[in-house]
4 protein chains.
Amino acid sequence: MDAILTLTCSDQPGIVHSMTSAVLACGGNIIENQQFTDPTTNLFVMRTRIQSEQSLSEASKVLHQGLMHLDPEISLREIVRKKRAIILVTKESHCLRDLLYLHELGELPIEIPVVLSNHSDLRDLVEAHGIPFQQLPAQKADAEAIIRNSVEHHDGDFLVLARYMQILSEEFCEHYPSQIINIHHSFLPGFKGAKPYHQAHARGVKIIGATAHFVTGDLDEGPIIEQDVAHVSHSATPEDLIAIGRDIERRVLSKAVKLFAEDRIFLVGNRTVIF
Amino acid sequence: MDAILTLTCSDQPGIVHSMTSAVLACGGNIIENQQFTDPTTNLFVMRTRIQSEQSLSEASKVLHQGLMHLDPEISLREIVRKKRAIILVTKESHCLRDLLYLHELGELPIEIPVVLSNHSDLRDLVEAHGIPFQQLPAQKADAEAIIRNSVEHHDGDFLVLARYMQILSEEFCEHYPSQIINIHHSFLPGFKGAKPYHQAHARGVKIIGATAHFVTGDLDEGPIIEQDVAHVSHSATPEDLIAIGRDIERRVLSKAVKLFAEDRIFLVGNRTVIF
Amino acid sequence: MDAILTLTCSDQPGIVHSMTSAVLACGGNIIENQQFTDPTTNLFVMRTRIQSEQSLSEASKVLHQGLMHLDPEISLREIVRKKRAIILVTKESHCLRDLLYLHELGELPIEIPVVLSNHSDLRDLVEAHGIPFQQLPAQKADAEAIIRNSVEHHDGDFLVLARYMQILSEEFCEHYPSQIINIHHSFLPGFKGAKPYHQAHARGVKIIGATAHFVTGDLDEGPIIEQDVAHVSHSATPEDLIAIGRDIERRVLSKAVKLFAEDRIFLVGNRTVIF
Amino acid sequence: MDAILTLTCSDQPGIVHSMTSAVLACGGNIIENQQFTDPTTNLFVMRTRIQSEQSLSEASKVLHQGLMHLDPEISLREIVRKKRAIILVTKESHCLRDLLYLHELGELPIEIPVVLSNHSDLRDLVEAHGIPFQQLPAQKADAEAIIRNSVEHHDGDFLVLARYMQILSEEFCEHYPSQIINIHHSFLPGFKGAKPYHQAHARGVKIIGATAHFVTGDLDEGPIIEQDVAHVSHSATPEDLIAIGRDIERRVLSKAVKLFAEDRIFLVGNRTVIF
């Protein structure tokens, strides 16, 4: 077994000792270990890569027994068992293309069982990569029902909104806590409303950026996973800003998906810890 | 004469031709030239470095005659005549220290006739650099009157708010349009109210930044001159964020002051053009 | 006519005046203008966007007449006449994919008449984008002869080495001065020889980068067009560095190609001026 | 006791378990813990912050007993016991000023018992901060003897070469392994010899940078601690590059000193691990 153990629990003395004892008990070896105690929530989070001669189910039993007194949230995933991403898109292809490209290169350890869309524009692109494409119905409740079925049918681990231009219902979002990743443009200062790049241009901003975040019931306001920016000058038109923004968006979303795929994101209150 | 000509006017055919004709007429040579037409406001802005055997007053007359038909705003400054900055501070020293340091190194072509403050904390630091320090009275109207006198007395070209923690009156700000430079922290997303670094920490931002801008009646909302950011991780405490923020603030403010000192900032509507 | 005029000549009084006179003479209007005098070579370079009611050939005649006394190198290209890029690749797809993607998005104003390769691996990818693919023979002289024919046949404006892993002959390079763009990894400090990312890992570098440059007879040493970097940590394996390097390479090469396509690169001695 | 434990040893099963057992044995609590196994050298490194009711000497005994079977290199430093930096300078002040400024702000947890220099130029600056200044003799052997005495007399933990323009003897460097931090400009590509910024300008680089590294017998080639860069354009003169370089140098050196002061730098072969 070569697996990633993640653990979240209240901070208390002896956590790492319990973990190392449990790893010894299952004949395991610690390859990597990272931990952090969040002072605000008093939560302790830990990511540990363990190799052991035991099988996943054997090791899992031993680890759970050794750690249950901490009342933790635990996950144990064999590295060969890649996370399964259900990707949602609309018409814009830049984020999707980056995910497909990195996936093909082998740099993004995920499986993509299906791409769902509320439009048909990207069908050819998706199918050219040998991935099934399914168009969603226009009515939101119907679409969300199909997405849910798809997640269940394909045993999906998370949803990636790769420029999916539909607001998901609060109920839907709450059904997948910390399992939906969205990408959103970001500016200094921020802008609300339509045509944000045009607003940013009118305001003469010198930096534009993008934020990947978990989706909660409150769209665009969930815990931040990754952010990046680019410098822009007065000579950039709104169209230039949009093009630069696309480049940042695709890089930031791909980075966030990779972090999720490798079990590197932990939630402490409304913040993420990234290992 | 080795001087910087700046010109702002409505865009119209023949502007550059008029400028080059006028430069030839005063026996001048163009060393640098930058121009930009803002599509939104239809304003044309140009920064030209001219060397000529003529004196400033002779050349100035010729240039004004050759350009007056454009109905322009013009300035002509000999490079040896450095701009004079009146610096305002409160208690925090980081921005002031950077300005003093770069000034001493000769990298910031300004003169600093006086530093004004609503507190006495930084008196020793300022005087150790051989620069007069004057403490302002507590009452805002009195303080602003003294600042105005100081600008007049010292022939000040602009005001630098190097962490001056007083809100200037709307009337005062409007008296110095595009002549007051302020530095302000900036976040993705933005935060209003007190303790912004603590808010940013609570929100788990991955990037913090700073913005230098002209002050208008509406503080923090004037035209943006310069922005920069730094990446931060979950392990940064609010105090760490404040320290990182200080480093960005001082660099961004010093950069903006340098741009102003070199006549590189032009205003087109609510945006700046930076050459 | 909506065209880009580029001009390079020895610095001398009256250049801009001559240009503006010539533009007036052809009934033109200057939309953008950028210029720079290189102090080392004493070369003056200028990029001007001109709109005129006249046709390209009419305006061209007037402009040449008005500027010929400067003994300049001039080019005048209508914006609708996109530059034609002959792309060379080997087996790695990351740079090619980015060029194809940006081209499809409409962000890269070039035409791609053909992709040439010394291997067949990328044929399917290229043809899936509706672009002809041609495999080159193994023997270098034969391959270079075919590339030359291809440039001539397709009226190519420049060559893009998008990870083309063959060293071109000195004679070939000198036949296309400032017309071949290459992408190369870059490190602080630099490394020679094979497996540079492994060397960089062994050296514990904290930054890796990429450089796009013109190819001269001396491979990797031609004038630099664009550079960028990324920060890396001790936990990155050589494979991680390679993946990060790929991301920088594709962005830097695409940026350089865009600069070339928009006539924004000028050569002064061994340096580039980028507008 | 609130202390930082650092440990380096050959990778082997049970290290973290031994550490956590030892921490429990001294009634301690783990506040932070970071670890890394370097695959090349097979070295395991760990940085742990421990709080305990026991005194440093009591806890130290228990920890050493519990860990000695690993045959480790260990250090245990109470956080209140700040590391003592002996700073060496020549004539340039930018790096020194930054260290003094951050030290005064309380952001750099070091003590500075003395500043040594082979010139007298910076005496006033140093003494104005209430820190003793000592001028070194011209003869290298004499100077190094005095530096050694100074380190011993002031119980110095490390040496900071803040633009000290003398090459230290190989013998001297080897006497202080991983205890001398230097700052050095860095370019893409690299340059050897005199006037590197002028060479970089002649080469038209688009990025300049700086590297902080440990000094070994082979100057400029020791393990890299921290690197950063800035983008530059064709319009920057060599003097501009030098000014930009100064800004990067001071930030990179201060960052490296802070990392050292907080026990965050580990050596594995010729690379550093930075926590």
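How many residues does the contact take from chain C and from chain D? It takes 32 residues from chain C and 32 residues from chain D. Keep in mind that this is a predicted model.

**Chain C against chain D**

- Putting chain C and chain D together buries about 2700 Å², and carbon and sulfur atoms give 55% of that.
- On the chain C side, look at C:Leu188, C:Arg203 and C:His234: they supply 27% of the area chain C buries against chain D, more than any other three residues.
- Polar contacts are another story: 16 residue pairs across the interface of chain C and chain D make one, with both partners at pLDDT 80 or more.
- Four elements of chain C each bring at least two residues to the side that touches chain D: strand 9 (180-187), helix 7 (196-203), strand 11 (224-231) and strand 13 (271-274).
- Strand 11 of chain C has the largest share of that side, with 7 residues.

**Chain A against chain D**

- Here 13 residues of chain A are in contact with 13 residues of chain D.
- The buried area between chain A and chain D comes to about 1100 Å², with 56% from carbon and sulfur atoms.
- A:His17, A:Asn33 and A:Gln35 supply 38% of what chain A buries against chain D, more than any other three residues.
- Salt bridges between chain A and chain D number 0, while 7 residue pairs are in polar contact, both residues at pLDDT 80 or more.
- Helix 1 (15-25) and strand 2 of chain A each put at least two residues into the side that touches chain D.
- Strand 2 of chain A gives the most to that side, with 6 residues.

**Two domains in chain A**

- Contact between the two involves 14 residues of domain 1 and 11 residues of domain 2 of chain A.
- Together, domain 1 and domain 2 of chain A bury about 970 Å², 57% of it on carbon and sulfur atoms.
- In domain 1 of chain A, the residues that lose the most area to domain 2 are A:Val45, A:Arg47 and A:Arg77, together 47% of what that side buries.
- This domain interface of chain A has 2 salt bridges, and 5 residue pairs there are in polar contact, both at pLDDT 80 or more.
- Strand 1 (2-10), strand 2 (28-38) and strand 3 (43-52) of chain A each supply at least two residues of the domain 1 side that touches domain 2.
- One salt bridge to click on in chain A joins A:Arg271 and A:Asp38, with the closest N and O atoms 2.6 Å apart.

**The seven-strand sheet of chain A**

- Chain A has an open sheet of 7 strands in the order 7-6-5-8-9-10-11, with mixed pairing.
- Its edges are strand 7 (133-135) and strand 11 (224-231) of chain A, each pairing on one side only.
- Direction ignored, neighbouring strands in this sheet are turned by 25° against each other on average.
- Strand 5 (residues 83-89) and strand 6 (residues 110-117) of chain A pair in the parallel sense over 6 bridges, and A:Leu88 stands opposite A:Leu116 in strand 6.
- Helix 7 (residues 196-203) of chain A lies across strand 9 (180-187) and strand 10 (207-214), at about 25° to strand 9.

Terms used:
Residues are numbered from 1 along each chain as its sequence is written. Chains are lettered from A and ligands numbered from 1 in the order in which they are written. This is a predicted model: local features need pLDDT of at least 70, side-chain atom pairs count only at pLDDT 80 or more; totals for chains, interfaces and linings use all residues. Side-chain values use heavy atoms; hydrogens and water are left out. Two strands pair if DSSP finds at least two bridges between them. Axes are lines fitted to C-alpha atoms, for helices over the stretch in contact, and angles run from 0 to 180 degrees between N-to-C directions. Contact means heavy atoms within 4.5 Å. Buried area is the accessible area (1.4 Å probe) that two parts lose on being put together, summed over both. A salt bridge is a side-chain nitrogen of Lys or Arg within 4 Å of a carboxyl oxygen of Asp or Glu. A polar contact is a pair of N or O atoms within 3.5 Å; within protein, one must be able to donate a hydrogen and the other to accept it, and residues adjacent in sequence count only if both atoms are side-chain atoms.
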